[in-house]
Amino acid sequence: MFKKLFGRGKKKKKEEEQEQEEIEFKEEKPEEEKNTEETQEGTGGVFSKFKTHDPDKVEIEEKEEEEEGFFSRLKNGLSKTRNSFASQVQNLFTGRSKIDDELYEDLEEILIQADVGVNTTMKLVDELREKAKDQGVKKPAELHDIFKEQLSDILSGGVDDVYDEHQLTILMVVGVNGAGKTTTIGKIAQRAKGNNQDVLLAAGDTFRAAAIEQLEEWSNRVGVDVISHQKGSDSAAVAYDAVQAAKSRDVDLLIVDTAGRLHTQDNLMKELKKVRRIVGRESDGARVEVLLILDATTGQNAISQAKTFNKDVKVDGIALTKLDGTAKGGVILAVKEELGIPIKLIGVGEGIKDLQDFEPETFIDALFD
Ligand SMILES: Nc1nc2c(ncn2[C@@H]2O[C@H](COP(=O)(O)OP(=O)(O)OP(=O)(O)O)[C@@H](O)[C@H]2O)c(=O)[nH]1
Ligand SMILES: [Mg+2]
């Protein structure tokens with residue numbers, strides 16, 4: 001779904017029509033006029049996408065360039081996990097002369113060390129043994145592709161929801177302290193704005209010092225409004241006002257920040273439930289989503305965090321941040337396998353392009369290629 005929020009989705013109908021008119025208009029122009037315009041285009045203005053005479057071709061080229069950029073950022077961001085987990089797996093399959101118990105035990109150890117978690121590790125290794133047997137695989141190197149397919153099976157599925165991006169979506173962002181909630185909100189807002197969505201932020205973290213200012217800073221940077229109350233005020237009241245504002249201003253996306261809290265802090269989890277209730281009650285049928293931010297560097301603890309948040313506020317999607325900060329990116333497998341909640345976004349660095357839609361196949365390619 002975030003593909004839509006993040007700049008690769010459909011445009012407003014009006015803009016599409018306008019663009020179409022521009023293309024048609026341009027095609028009819030005499031040669032010299034085209035040349036003048038092309039000189040202006042070089043400055044990267046509104047017409048920059050029409051750099052050649054074939055707008056379709058340019059769009060494809062630009063898209064390819066953009067995707068290449070995203071892919072290399074993903075690869076870089078995953079370099080710690082690539083250099084440990086992925087290369088150990090690769091060495092294991094290519095360096096052994098036969099498939100035996102020792103190979104499977106070593107694979108188990110690599111997976112456990114990469115924070116894949118005991119359950120998911122056992123599942124993967126047992127399945128690999130069976131598949132190798134069924135398919136009569138003799139050489140360890142042949143196991144590599146089967147293993148990658150297994151990873152893909154675990155990571156795939158669950159993110160294909162489609163919706164109208166110009167009807168109000170309320171995104172409530174939750175998670176423990178310092179997981180990356182506010183930063184992720186800033187990045188989502190920026191990408192949504194780039195996709196012509198009208199965005200509004202709500203400073204629902206009324207608890208931590210300077211939390212409101214931090215969100216306001218993002219709102220200035222991105223150029224969107226933020227609804228805030230004073231520090232120490234009721235977070236649910238901020239959410240209430242923000243939802244009313246979102247409805248009356250007809251915005252497309254309202255993102256509600258919340259204070260970081262440990263999943264074990266009952267009173268704070270109660271407060272979060274209240275915010276969720278108010279948002280739902282006031283939404284008037286708008287789409288409401290709870291996005292849980294998990295810090296990949298917290299390892300297996302992320303699983304128990306997610307279970308509690310999901311119990312209390314039903315989580316619709318996960319953003320797994322700071323994958324660039326860990327060699328144990330295998331935690332993504334445990335998160336997906338053990339929780340059954342779609343992973344929608346991954347954070348692979350602090351830059352705006354480092355918050356990416358989670359695409360399983362691309363992720364696996366970036367890990368092993
Ligand atoms: N390297 C890296 N840093 C990240 C990523 N995402 C967030 N951060 C950093 O993590 C730190 C904490 O981010 P915040 O957005 O303030 O986290 P928060 O969950 O809002 O924190 P609280 O409001 O205190 O609960 C900041 O320094 C971010 O720049 C990521 O994907 N990679
Ligand atoms: Mg915050």
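This is a predicted model: local features need pLDDT of at least 70, side-chain atom pairs count only at pLDDT 80 or more; totals for chains, interfaces and linings use all residues.

Modeller: Residues are numbered from 1 along each chain as its sequence is written, and chains are lettered from A and ligands numbered from 1 in the order in which they are written.

Biologist: How many helices and strands does the protein have?

Modeller: Helices (H or I, at least four residues) and strands (E, at least two) are DSSP runs, numbered from the N terminus. Here the secondary structure comes to 15 helices and 8 strands.

Biologist: Is Leu171 buried or exposed, and why?

Modeller: With C-beta atoms placed from the backbone, a residue is buried if 20 or more other C-beta atoms lie within 10 Å of its own, exposed if 12 or fewer, and partly exposed in between. Leu171 counts as buried because it has 25 C-beta neighbours inside 10 Å, and it sits in strand β1 (residues 169-174). Of the 369 residues of the protein, 38% count as buried.

Biologist: Which residues is Leu171 in contact with, leaving aside its neighbours within four places in sequence?

Modeller: Two residues are in contact if their C-beta atoms, placed from the backbone, lie within 7 Å. On that basis Leu171 is in contact with Leu253, Ile255, Val256, Glu289 and Leu291.

Biologist: At what angle do helix α8 and helix α15 pack?

Modeller: Axes are lines fitted to C-alpha atoms, for helices over the stretch in contact, and angles run from 0 to 180 degrees between N-to-C directions. Helix α8 (residues 140-155) and helix α15 (residues 360-368) pack at about 145°, with their axes 9 Å apart. In this contact Lys148, Leu151, Ser152 and Leu155 of α8 meet Pro360, Glu361, Phe363, Ile364 and Phe368 of α15.

Biologist: Which residues are the closest to ligand 1?

Modeller: A residue is near a molecule if its C-beta atom, placed from the backbone, lies within 6 Å of it. Ligand 1 is surrounded by 22 residues, of which the closest are Gly180, Thr182, Thr183, Gly260 and Gly347. Helix α9 (residues 181-194) gives the most to this shell, with 3 residues.

Biologist: Which residues does UniProt list for "domain: SRP54-type proteins GTP-binding"?

Modeller: UniProt positions are given in the numbering used here, feature names are shortened, and annotations may be inferred rather than shown by experiment. The unreviewed UniProt entry lists residues 342-355 under that name. Over residues 342-355 the chain is 0% helix and 43% strand, and the end C-alpha atoms are 16 Å apart.
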